[in-house]
Amino acid sequence: MIQVENVSKQFTLHNQGGAALEVMRGAQLSVAPGECVALVGASGAGKSTLMRMIYGNYLAASGAIRVGALDVVTARPREIIALRREVLGYVSQFLRVVPRVPTRDVVAEPLLALGRPAGEARARAEALLARLNIPPALWELSPLTFSGGEQQRVNIARGFAHEYPALLLDEPTASLDAANRGTVLALIEEAKARGAAIVGIFHDEEARARVCDREVDVSGFAPGAS
Amino acid sequence: MTPLLEVRDLTKRYGPRIGCADVTFELWPGEVLGIVGESGSGKSTLLSCLAGHLAPDTGSVVYDTRANGARDTLTMSEPERRMLGRTDWAFVHQNPRDGLRMNVSAGGNVGERLMAVGARHYGNIRATASDWLGRVEIADERIDDRPSAFSGGMQQRLQIARNLVTGPRLVFMDEPTGGLDVSVQARLLDLIRALVRDLGLSAIIVTHDLAVVRLLADRLMVMKSGRVVEEGLTDQVLDDPQHAYTQLLVSSVLHV
Amino acid sequence: MTDMSQDYNFAYLDEQTKRMIRRALLKAVAIPGYQVPFASREMPMPYGWGTGGVQVTAACLTPEDRLKVIDQGADDTTNAVSIRKFFERTADVAVTEATSEASIIQTRHRIPEQALSEEQILVYQVPIPEPLRFLEPRESETRKMHALEEYGLMHVKLYEDIAKNGHIATAFAYPVKVEGRYVMDPSPIPKFDNPKMDDCPALQLFGAGREQRIYAVPPFTKVVSLDFEDHPFEAGRAAHDCALCGAGDSYLDEVIIDDEGGRMFVCSDTDHCRTRREAGHTGALGVPEAFA
C-alpha cells in the first residue's frame, strides 16, 4: 500500500548563504495493507521528515513514494489533494484548524469533504469524541481553547473519522493518560483489522510493541550511513 | 475531466514596468488556488487580468464555459465576458464598498444578479435573497437594511452572498479577510471554506496573509516582481519552500 | 424660407445649429429610446426651464406651425407662458391652447389627455435623461449598460420600492422599455401618462439641454413600463372626480382652497377641463365664478 523507494531529501537554505543540507539518502520502506510499521531512530534522524514526504508535505529530491497507485514525488497537487481526501490520513502532533469552529465540526470535516451527509458525519464525530472521553459539553467549543491532551485527542478523532486505507501517525499516544492511550491503541488495531496500512512514530515503547508489526530504523537512511 | 481555467503566458506591463509576466497555470474544478506575495508583487494585477477587469498585453485565459466549452475570455466579446462576470464568475473585493451597492438594501444587493439574468418575480427574488442571507449568517430581519448599517464583517458576508446567488463556478477573491478584526476573520474563513466545499466552487484567492491561504487554499503560487517563483501544494510550499524568496516570506511571519 | 430681416433668426437658433439638432433628432428617431448627444446651446433662459425642449421645438418649427406649450398640463403657468411668448416673438408662429389644434406641443411633465394624432409632434422637456443614474453614477458604465442591454439594475430600483413601500411607489419618471430594446426615462411625467406613450400616433421628442441629450419615440412604437410579474405596472390616479368638470378618468391636481385644509381635485390638463365644461359637464363644485 505504501512503497518508499530510494528516496533522498535535502534542504537548501537560500537565506543562509545557500547552504545545502542533505538529510536523507536511499530511504526504503514498504507497508502492506493491515500492517503497522514503526519508524524509529534518534531524535533528528529523519522520522518526521520521511513521514512528511510520504504525505507530500515535504518534497523528495529523488526516488519514488507510492501510496496506492500514486507516486507522491511526481504527482500534481490536485492528485495529492484527492489522495489525502480519500486514501491517506495523517495525525500530526499539532492541531491546525480555523479558530472558532466547534470541535464536532472539526472532527466531521474529513467526512464532509468527501460529500457525506452532515448528519452522518456529525454522528460519527460525536461517537469518536465520546470514545476518546471528550465531554459533550466541549463539542460546541473550538478545540483551540482545549488543553494539550484534549487537542491531541481531537486530532486523533479527526484522523480516524474517515476510514483511510493508509494512515500516518506522528506520536498519537504522546501526552495521553492510560485510559485514553488504550482507546487510541484500540482504534489503531481496528484500523489494521479493516486493512489499513499504517506508518507511525511512537516514542512510547509499550504502545509500539502492542500495535506495530515491524520497526524501520531511519538512521540507516542518513547520508553518511551507507 | 478538463481544467476550469487554463492560463497561458499572461503578461501585463505598465509602460516599462512589469505588472505580471509569463504566468501560466491551470485551475481544476473544485480547486482553491492561493496567490501570495508582498505588495507590488503583481498578484492583484494578475487577478484583475484573470477576471477581465484589466486587459493583459499577451497570453490567454481559457475558461470552460457551460454553454460552449473552452473559450478564451480575452478574445470573447465584451457582452459575453460581462455576462460571464455576473453569472458563472464571482468577484469578492477586499473592500465591500467596491463590491456592494451601498444605497441599496441587502435584499436588493443579493437580488441584483438574479434580476440581471432576467428574474422578474419579486416574491421569488426576495425568497432567494432571504435564503442567501441565511446562508451567510445575516438575520432575515436585516433584509431591508442598507449595507451602510452593517458591520465590516457583515458587509463582507453580504458581498459573498450577492456574488454566489447565481451559482457561479469560479470565485475570484482579493484579500477577502483584509481589513477585518481577527475574530471576524475567523468566522468568515470558516464560512468561505464551508461554501467552497458544499458548492464545489473553484476559487482564486489573492492575499498576503499566509495563515489565510494555509486554511483556504489547496494550491499556492508565490509571486515576486510580477513573476511566479514557486507553486505547489499549499502546505508543501509553506513547510518546505524551495525558492529563496518563499523561504524569506515564510520565515518572516510572526507567530503569536 | 426664413425672412432674415427680422430681429432674430427664425425660431431664435441659427440655421447651422438647427441642422445639427435635426441630425440628432433623425438619429434619435432611427434608434428609438437611445440618448443621442448634441451640442446644446446657451438659451436665454436658465437650465431647468426647458432649454432642451426649446431647442428641439426651435429645430422642428416651421412658419405654418401652430404651437401649444404646457407646464404640468396647464397652458397658463409661468414656464408655459414664457416659452409660448418666446416663440411668438422669435418665430411669429400661431399659438393655441387647444390640444387638437396644435401641430407642435412642448410639454413639461405631462401628456395631454386628448389623444394625439399623426399630424402632431410632442416635445418633452427633460431634466435628467439617464434612468440608470441613481443607482449607477458612472456615465461610462451606464452607457455600456445601455449598449449591452444590461438592465437588471433598473429592476433593482423597483425592487427597493416594493421592499420599502409594499408596492412600486415610483409615481413619475417611471422607466419604460422602448421597442423591446432601450430603457428610457420618460421625463417626469406621472406614471398615469405612461400608457399614452405606447403605440402613440404622434412623434415624441425628448430634449435635455443641460445634459445635452436628445431621444425620441417614433409614431406607433411599443413602449412598455417595467414591472414585476407579481407586481404589475398600474397607471394610478387620485381616487376622485374633477371638481370642476366631473371627469373620472383624467389626471388630477390637488388644490388647497382655504386655510382650514379644504382642498379640491381638478384636471391637471386645463384645456381638457375647459373643453369638457364648455360641453356642459360639471363637477361637484360646479363652475366657480373665476372660470365662468
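Analyst: In this predicted model, C:D271 has a relative accessible area of 4%, and because a residue counts as buried when that value is under 20%, C:D271 is buried. It belongs to helix 7 of chain C, which covers residues 270-278. The side chain of C:D271 makes a polar contact, at 3.0 Å, with the side chain of C:R274. If the neighbours within four places in sequence are set aside, the residues in contact with C:D271 are C:K68, C:D75, C:E97, C:A98 and C:T99.

Chain C also holds an open sheet, in which seven strands follow the order 1-9-8-5-4-2-3 with mixed pairing. Strand 1 (36-37) and strand 3 (94-95) stand at its edges, and because each has a single partner strand, one side of each is left without a neighbour in the sheet. Elsewhere in this order, strand 4 (residues 104-108) and strand 5 (residues 121-125) of chain C pair in the parallel sense over four bridges; as a bridge partner in strand 5, C:Q106 has C:V123.

Chain C can next be followed to where it meets chain B. The contact draws 22 residues from chain B and 22 residues from chain C, and the two chains bury about 1,900 Å² between them, with 55% of that area on carbon and sulfur atoms. On the chain B side, the residues that lose the most area to chain C are B:R82, B:R120 and B:Y122, which together account for 37% of what that side buries.

Between chain B and chain C there are five salt bridges; a salt bridge joins C:E136 to B:R101, with the closest N and O atoms 3.4 Å apart. The count of residue pairs in polar contact between these two chains, with both residues at pLDDT 80 or more, is 14. On the side of chain B that touches chain C, helix 2 (78-86), helix 4 (106-116) and helix 5 (122-135) each supply at least two residues, and helix 4 of chain B gives the most, with five residues. Sorted by class, this side of chain B has seven nonpolar, six polar and nine charged residues.

The buried residues are A:K47, A:T49, A:L50, A:M51, A:M53, A:I54 and A:Y55. After helix 1 of chain A comes A:G56, which has a positive phi, near 85°.

Conventions:
Residues are numbered from 1 along each chain as its sequence is written. Chains are lettered from A and ligands numbered from 1 in the order in which they are written. This is a predicted model: local features need pLDDT of at least 70, side-chain atom pairs count only at pLDDT 80 or more; totals for chains, interfaces and linings use all residues. Side-chain values use heavy atoms; hydrogens and water are left out. Buried means under 20% relative accessible area, exposed over 50%, partly exposed in between (1.4 Å probe, protein chains only). A polar contact is a pair of N or O atoms within 3.5 Å; within protein, one must be able to donate a hydrogen and the other to accept it, and residues adjacent in sequence count only if both atoms are side-chain atoms. Contact means heavy atoms within 4.5 Å. Two strands pair if DSSP finds at least two bridges between them. Buried area is the accessible area (1.4 Å probe) that two parts lose on being put together, summed over both. A salt bridge is a side-chain nitrogen of Lys or Arg within 4 Å of a carboxyl oxygen of Asp or Glu. Ala, Val, Leu, Ile, Met, Phe, Trp, Tyr, Cys and Pro count as nonpolar, Asp, Glu, Lys and Arg as charged, and the others, Gly among them, as polar.
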